[in-house]
Amino acid sequence: MALRSTKYDRQLRIWGEHGQSALERAHICVLNCGPTGSEALKNLVLGGIGSFTVVDASKVCASDLGNNYFVDWDSLGQSKAKTVSAFLHELNDAVDAKFVEESPEALLESNPAFFSQFTLVIATQMQENSLLKLDEICRQLNVMLIIARSYGLAGLLRISVEEHDVIESKPDNKVEDLRLHNPWPELQRYVDEFDIDTTDNVIHKHIPFAVLLIKITQDWKRAHNGKLPANVRELKVNFLTITARRRVEEDEDNYTEALKSAYVVLFPPEISTELHAILEDKLTEVNASSPDFWVMVAALKQYIAKEGQGEPPLDGAIPDMHSFTDYYIKLQKIYQARAEADVTAMVGHVSCILKQIGRDSSSIPRTTIKHFCKNTRHLRVLRCKTLRDEFSSKAGPELQRLLANEESSHPALYVLLRAVDHFAATYNRYPGAFDGELEEDVSRLKAIAVSILNDMGGGGVALPEDLISEVCRFGAGEIHTVASIVGGIASQEAIKLLTRQFTPVQGTFVYNAMSATSLVLNL
């Protein structure tokens, strides 16, 4: 355990033990192990996933030596899947490494059930028709899918999951849930023990700021017919406020903390738009096959209506406060006790719901419910269109708007990257494969791209001629510098999906290495 903690120290600071355990349970499949797939897998292997399987039928050739760090001269002519797997395993021998010497396209046709053993599949450098089949298979098997592609100086990434629930979302600007505007009885009794006008300066400067804010707010309400201050400024500087009670001659850090946190009284954390939408989702009408997540959401809905009186469960965490240790520890225990009581109430609701739908009332452990309760304010649910739905969608107005923006090449690259697959399906090669046919390929690719654009409802907007020519000049080359960026982003999104702590990309990520810019398209 000590070795593991040292080995993964930096990432444990970000996603914690819970997130790391999720990575270590993950079984990843990477389809095609060129530089894009190898770079994505490298980052995940270093991060400590449980196991990986590389699927690739090709042999190592001379061109691979110039763009893939995980092959060498000695591996020329050998299985690329075997070679890449061996080198990746050397990076972290705690990760199980496997390989399959078969093309992903053949595997899709011959053994679609093969993919059921994986937590997540990363498909790299695959054409549109194969991706459509893979997406359908992964959806049926409830396997997460990431599509990543580097094509010359362009890259593309897309996530495909039927539903992704984010419980531990780690928001950037989290507001502590201290309930200062509405203290419960135990907290109120603790607050009542203090006299914030005490003549003892030592005690005066060590009263926790939470107590100060509750006391001062209640004094204000008594003097103003039960109303809160109209704004934070009133709370800070007017009659019976924080500033008025501060003793200037004393170094009172607790009052400084109270001033900084005064906004929490007037603007306590509320039920967000995202959480409200989740609570009203039709999936809260649970049945025997409902995922545990939606059972807990249904229980949360009942808790908020009953015990919570409009509020979610308390997470029980309080920030550091300038205070005597005894004062702080007692306050901390009050918050923790309330959080545990909320968990107990949630456990009761979950048990009742499980009984109603014919499942074991203890099938969702208390530890799982407790983890859910600590993060209820920041729940997220992501749903993605199927690839077939995206490719057949009529995104005309939005696409036309984006294409009309001369500074943005990303929607045009998106259309052209789809067009090269249609080109390859028609001519059995990618555009620009032969120098002598480059000019003719430009015309062919343009015609295909315009047809795709019209099918999407984006007709009437011209694609940049220079960009069409550049895509043909790429010749389907996989450049390592581009592949490392696309592969790195793919691994980052994989970690988001596996740990369920971060919101992944919602849409299609397009990278333009020519301008070093990127854009997420929601079509």
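Modeller: Of the contacts in the protein chain with a separation of 6 or more, 70% join residues 24 or more positions apart, where contact means heavy atoms within 4.5 Å. This is a predicted model, in which local features need pLDDT of at least 70 and side-chain atom pairs count only at pLDDT 80 or more, whereas totals for chains, interfaces and linings use all residues. Residues are numbered from 1 along each chain as its sequence is written, and side-chain values use heavy atoms, with hydrogens and water left out.

Colleague: Why does Ser38 count as buried?

Modeller: Buried means under 20% relative accessible area, with a 1.4 Å probe and protein chains only; Ser38 has 1% relative accessibility, and therefore counts as buried. Ser38 sits in helix H3 (residues 35-47), helices being DSSP runs of H or I with at least four residues, and strands runs of E with at least two, numbered from the N terminus. Apart from neighbours within four places in sequence, Ser38 contacts Cys33, Asn68, Phe70, Val84 and Leu88. Over the protein chain, buried residues make up 53% of the 523 residues.

Colleague: What describes the packing of H20 against H21?

Modeller: Two packed helices are described by the angle between their axes and the distance between the axes. For H20 (residues 410-427) and H21 (residues 438-455), the axes come within 9 Å and cross at roughly 115°; axes here are lines fitted to C-alpha atoms over the stretch in contact, and angles run from 0 to 180 degrees between N-to-C directions. Among the residues making the contact are Val420 and Phe423 of H20, and Leu445 and Ile448 of H21. The residues of this contact divide into 11 nonpolar, one polar and three charged, with Ala, Val, Leu, Ile, Met, Phe, Trp, Tyr, Cys and Pro counted as nonpolar, Asp, Glu, Lys and Arg as charged, and the others, Gly among them, as polar.

Colleague: What makes a set of residues a nonpolar core?

Modeller: The set must consist of buried Ala, Val, Leu, Ile, Met, Phe, Trp, Tyr and Cys residues joined through side-chain atoms within 4.5 Å. The largest such core has 54 residues, and Leu445 is one of those with the most contacts inside it. H20 gives the most to this core, with nine residues. A second, separate core of 42 residues includes Val30, Val84, Leu88 and Met144. Leu445 itself touches residues including Leu416, Pro431 and Cys472, not counting residues up to four places away in sequence.

Definitions and conventions. Buried means under 20% relative accessible area, exposed over 50%, partly exposed in between (1.4 Å probe, protein chains only).
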